[in-house]
Structure formats: structure tokens, C-alpha cells
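Here are my notebook entries from a browse through this model.

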Amino acid sequence: MATMDVDVVSAERSLFSGEAEAVFARTPEGEIGILPGHQPTLLALTSAPVRVTTAEGDHVIVAVHHGFLEVRENHLTVLADIAELAVDIDVDRAKAAMNRAIAHKQDPDYPGNADAEYERALLRLRIAEGHYTPAT
Amino acid sequence: MAGAGELRLLRRRIRSVKSTQKITRAMELIAASRITRARNAVEAARPYAQMITRVIRDLAIESEVAEHPLIAPHEELTRVGIVVITSDRGLAGAYNTNILRRAERLAKEEHNAGREVAHYAVGRKAEAYFKYRGVALEQVWTGMSDQPRYADAVAVGERVVGDYVEQRIDRVWLCFTDFRSALSQVPSVVKLVPVDARQFAGGTAFPPQYMFEPDPASILDRLIPRYIEHRLYAGLLESAASEHASRQRAMKAATDNAGEIIEELTRAANNARQAAITTEISEIVGGAEALASSR
């Protein structure tokens, strides 16, 4: 099957670089799946998992908290504001972060952005619990 | 006996200098390992910087970049923001002094040009410096300078970009320490906002069949703040690497000095010991002779 070059980079580091058969992501408009030979594209991403099907047939799942996706000349780049590989997420820590986020949401005096924290925590927890892992 | 007392005193000082040396050596080693980590973080952040610059550059042709609120300069330049990145902890040689002096010079230049200056401080050292001099700080961020995360840059970025957009300030300078090599760290200044449109010149136009979602202008709206945050993040990382390099050098000098002091003290202690022994022997000999002659 045809493949394309895929790079997933966050502001802090590069998370994935290699050949892939397909990439699935979510934009504010909805889900999108991109195959090799896709037309040149520039998309904004929401807080959602990005799924990469590698040339070996493995699934790499990345928690992406907002960012951009660009396709040109069979090269796909995901520019994530914050991103984390699913395998790096610890379920217990994700749960703890979720509880913290809920507490912050209920605290009217909390100075940070509690909604964004909740959104991030929810995505991490769902990914850590395997909600987005495709059945094999 | 005076000789033995002096000896005790010298030995105590040697012990105390030795324990100080242990601490400075440990700090030197920790700083050395942190330099590597900070350098790796700088390297790891580079692909994002390259890609975001390229995407903006290409978008710049598609839409009117020069009119973007974060790129178009304000018409009146009355108040300027200066973000200074220092460390939280001291014992880093001249690192903090150098960058604060650079920031002070910049503030003076702006002042002479008739502009008001708003200070933003990263690190306890900048906070203490400006507070001591009675300079009002817009905001202080601490606890991030030795291992900065991207979220830290976002926090600073949101504040200064917000102030810029609301016309509270008309320009933002970033003062950070550029890590050139382990031996050379240079206090540097870059203009953070408004973003210089020339950095995005020379892009290639998108082919007509390009698909945008949402439209190019909205994507640009979201990309430019990320670009600014990333410049801040890079500045924080460079500064962190510089901080550790300065600390390593300062601590190496301290360890070497302690070694010299120990050597000198040991020599003095040996002398004192020798003197004490000589005194004792002459006392014994003198005593024996007095006994022999009295017989």
C-alpha cells in the first residue's frame, strides 16, 4: 500500500516521524482521515486523539491538545500545541489529573483555565483507558 | 600549649573547607548534567519552530499578514514591555547580573526615547532586583526558569500578547541569555511583539487546489500567537542552558579555590605540627639536662 511521510511534533519535542498508511484527526468541523496522495491541506485541530497507521500496520495514538495539520507533496505534518503519546500516559496519573481538574472547575476562585484543564484531562484519561485503540 | 591550639584550629578549618568543597563539586556536577538536558530540549523544540515558520511564511502570501494585529505595529509608541528571564536561584556567577544589566540598558534607551517601560519578570532574581530598586512589575513568574515547559511560555505569552492587543503596551522586548557554547553565553534582546513580517518573506504560494479548514486568515490568527509563544519558549530554554553553564563554571571555580585553600591550610597545619613536636622535644631534652646537671 502507498505510504506518506508523517511527522508529529509538539512545541516541546518530536513525537513521531516515519512512514504511514493513514492518519486520522479531528478538526472543529469533524473527523478527517487522510490517505497518501491527499490534496494539499491545512487544518486546525481540536483537542482530540490523532491516530497514525504506520507502514507496518501499527497504530500510534497521540493525544493532541489543539494544533494544526498540514499535507503537502505526500508529507503530512502535525503541529501540536501540547501532545503526548498514548503509550506515555499513565492511567493513575491521568485519573489524578482528572480529579484535580474537576476540583478546579468547582472552585470559583481558581486562577487558571479550569475548562481547558478539564478538556485535557478528559482526553488523556480516555486515551489512557484505551477508548481510541482500534480493535485488532 | 599555643602550638597545639593553633593546630586544632587549622584542622577544623580544613574540615569545614573540605565540606564546602563537597557541596560546590556536587553543584558543579548537577549543573553539568542539566546543561545537556537543556541543550536536548532546545534541539527537540527546533522542528516545531522550523515548521511553524514555514507554514506562516506560506500563509503570508495567501492572506494579508501585514495587517494582522500582532504584526502591524501600533501607530503610537508610548509604552514598551520588557520581559527579562533570570534564574530563581543564585550561585550562577555573573549570569543574572549580565542579563539584568542588559535589560536595564534597554530600559534606559527606551526611556531616553520618551517611552514608558513596563517590566515583566521571569525568575526570583529579576523580581528581587526590580523590587529592591522600586521598579513596578507588571507580573512575575517563578519556578520555571531551570526547567521550562511549554505551558510556562504560554502563560507569559498570553499575558504580554493580551496587554499588546489591549493597547496597554505597544511593543514587547524579550531579554534572554543566548547559549552559544559552554563557554560563551550572550545576553540578547529580541523583539517579540509586533512580530517582524520580514521573517515570513519568501514563502511559496499555495497551489490553487489547497484545502483550508477553517479559512487561511483564521488559521493565521491561531498560528501567530503560537509562533510568539514558541519564541518565548526558545528564549526560556536558551536561558536555562545558559544558567546551568554559568552555574557549572562558578561552582568549578569555587571547587578549585577550595582546593587551593585546603592546600595552604594543610601546609600551615604541618608547620604547626612540626613546631609543636620541636617544642616538645626541646622541652624533654631541656628537662633531662636539668635533671642530669642537678645530680
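**Entry 1: a charged pair in chain A**

I began with A:Glu70, which is buried at 2% relative accessibility (buried means under 20% relative accessible area, exposed over 50%, partly exposed in between, with a 1.4 Å probe and protein chains only). The side chain of A:Glu70 forms a salt bridge with that of A:Arg72, 3.3 Å from N to O (a side-chain nitrogen of Lys or Arg within 4 Å of a carboxyl oxygen of Asp or Glu). A:Arg72 is buried too, at 17%.

A note on the ground rules: this is a predicted model, where local features need pLDDT of at least 70, side-chain atom pairs count only at pLDDT 80 or more, and totals for chains, interfaces and linings use all residues. Residues are numbered from 1 along each chain as its sequence is written, chains are lettered from A and ligands numbered from 1 in the order in which they are written, and side-chain values use heavy atoms, leaving out hydrogens and water.

**Entry 2: charged pairs in chain B**

How many salt bridges does the structure hold over all chains? I noted 25.

I looked up B:Arg159 and B:Asp163, whose side chains meet at 3.2 Å, N to O, in a salt bridge. They sit four residues apart in helix α4 (residues 150-165) of chain B, so about one helical turn separates them (helices are DSSP runs of H or I with at least four residues, strands runs of E with at least two, numbered from the N terminus). B:Asp163 is buried at 2%, whereas B:Arg159 is partly exposed at 22%.

Next came B:Arg267 and B:Glu263, in a salt bridge of 3.7 Å, N to O. Both lie in helix α5 (residues 216-294) of chain B, again four residues apart. Is B:Arg267 buried or exposed? B:Arg267 is exposed, at 54% relative accessibility.

**Entry 3: pockets**

I then turned to the largest pocket, with a volume of about 1900 Å³. For pockets, a 1 Å grid is laid over the protein atoms alone; a pocket is an open set of points where a 1.4 Å probe fits, with protein on both sides within 12 Å along at least five of seven lines, and lining residues have an atom within 4 Å of a point. The volume is the space filled by probe spheres set on the points, which are joined across faces, edges and corners.

Its lining has 48 residues, and those nearest the centre include A:Arg120 and B:Tyr150. Helix α5 of chain B gives the largest share, seven residues.

The second largest pocket is about 360 Å³. Among the residues closest to its centre are B:His230 and B:Arg231.
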